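Thanks, everyone, for making the time.

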Amino acid sequence: MTTSIRIGSGLGFYGDNWEPVVASIERGDVHYIASDHLAELTLAILQKDRQRDPSLGYARDVIPMLMRLWPLMQARGVKFVCNAGGLNPMGAAQAVRTALAGKGWHPRIAVVSGDDVLHLLQDAQARFDHMMQGAEVSSVRERLVFGNAYLGAQPIVDALAQGADIVITGRVADAALFLGPLVHGLGWKLGDARTPEDFNRLAQGLTVGHLLECSGQGSGGNFGDQGHWQSIPDLGHIGYPIAEVFADGTAIITKAPDTGGLVNFDTVRQQLLYEVHNPHAYFSPDVVLDMGQIQLHDEGQHRVRLTGAQGTPPTEQLKVVAGFKDGFKAEITWGFSWPDAWDKVQAAERIIREQLRERKIPFDELFVEYPGLNSAHGALAPLPAAAELNQRNEIWVRMVLRTPSKAAADGFGRLFPWMALSGPAYTCGFQGLNNTSELLGIWPTLIAREHVHARVDMLEVQP
């Protein structure tokens, strides 16, 4: 049995940079790359793709990424796991196979599906309450366009056991992309886990996945420590994090040599707490993680030892992310210059609100913010006094109209241009006069595990 597995981070979102993965493969001695292409709202983006072309619905960056990585992986026996399948994992796998075959490359590709539970959410007799608001799904059921359960690591383990070189999934829990290879490579118990030791090992593996799922954020990228972020070296050539994981679950978080970024106690602990609601109950489909006893020991030289994660059995429910049609939006950004820039912006905003009212344009919300003043922090960033703002060289305003009417969204931009000559003086310019887009609302809910059936299909290797 293998005594340790080295697994490297792939992408952290659809559109991320895969060049740092090259260094992990060439110089990081990795056995696996696990790549997370699905941020929380990415399925909504993929749904819009699928509406335009039913053959799409997957993260298309997986194709050029694997065209770059596969020859390097093939030479070193590195396997690749990703969730780039999105809403169409089979379509993604077939597109990857075709692209690689065009170069004479024929990896064994596995497809993990079964996460699509839209038909269950559309059952008029079923109840799937919103996890935060408590509302019944009946209020949006007729507008639902996708619904996907977060699968766990087991189908990835099964795919690797069948000899897959590349595993392409739909919606799985982010950290499961990493836990699957660890369970497979180290022989851990998963579905048959029973003892505290079994669940603690899985908890360690889940923690590794959590630390690696956000690409460079686990190795100094996006590091926000005031006064210290400047010391992160060479972010332009950052190395993505790598974990060496041992049979007992102990892990070393590191990165490939001669890459930028930083792996130390502070960068690792920042990622450890990223997107964690309750550190004593971090739910996943495979194990419930308690971070309370985790120990991070900084060994220097970009090496942090991880121990102490504790686990308990998973719940009988899986999380579901569903999307529903939620109207349209249009947004405009424009600005005014000194003198009295703030007063001019306020006057222009009043004029727009008057036009909306007088023309009886239907809308649910008119969102207003001021880039450079409160866009990043909203209500947590109180604005300076008007007298001070009026001394600024320029003030910009962003207005977003949310409306159930596409025609109202299409017409929003026509409320503005005339102010260039007939409104408050010295307009700096308009951006986004014609940019209507459809909105998809997100409906998080829970589903009984017994109703979700993961499936693994191996594509035939082309001759």
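Predicted model: local features only at pLDDT ≥ 70, side-chain atom pairs only at ≥ 80, totals over all residues.

In strand 19, R455 is the bridge partner of S113, and strand 19 pairs with strand 4, residues 109-113, in the antiparallel sense over 4 bridges. Strands here are DSSP E runs of at least two residues, helices are H or I runs of at least four, both numbered from the N terminus, and two strands pair if DSSP finds at least two bridges between them.

Residues are numbered from 1 along each chain as its sequence is written, and side-chain values use heavy atoms, with hydrogens and water left out.

The open sheet is formed by 10 strands in the order 11-12-8-7-1-2-3-6-4-19, with mixed pairing. Its edge strands are strand 11 (295-298) and strand 19 (455-458), each pairing on one side only.

Helix 3, residues 62-76, packs on the sheet and touches strand 2 (32-35), strand 3 (79-82) and strand 6 (166-169), where contact means heavy atoms within 4.5 Å. Helix 8, residues 196-212, also packs on the sheet, touching strand 1 (4-9), strand 7 (241-246), strand 8 (251-255) and strand 12 (304-307).

Finally, which residues does V208 contact, leaving aside its neighbours within four places in sequence? They are I7, L182, A243, V245, A251 and L306.

Note on methods: Axes fitted to C-alpha atoms, helices over the stretch in contact; angles between N-to-C directions.
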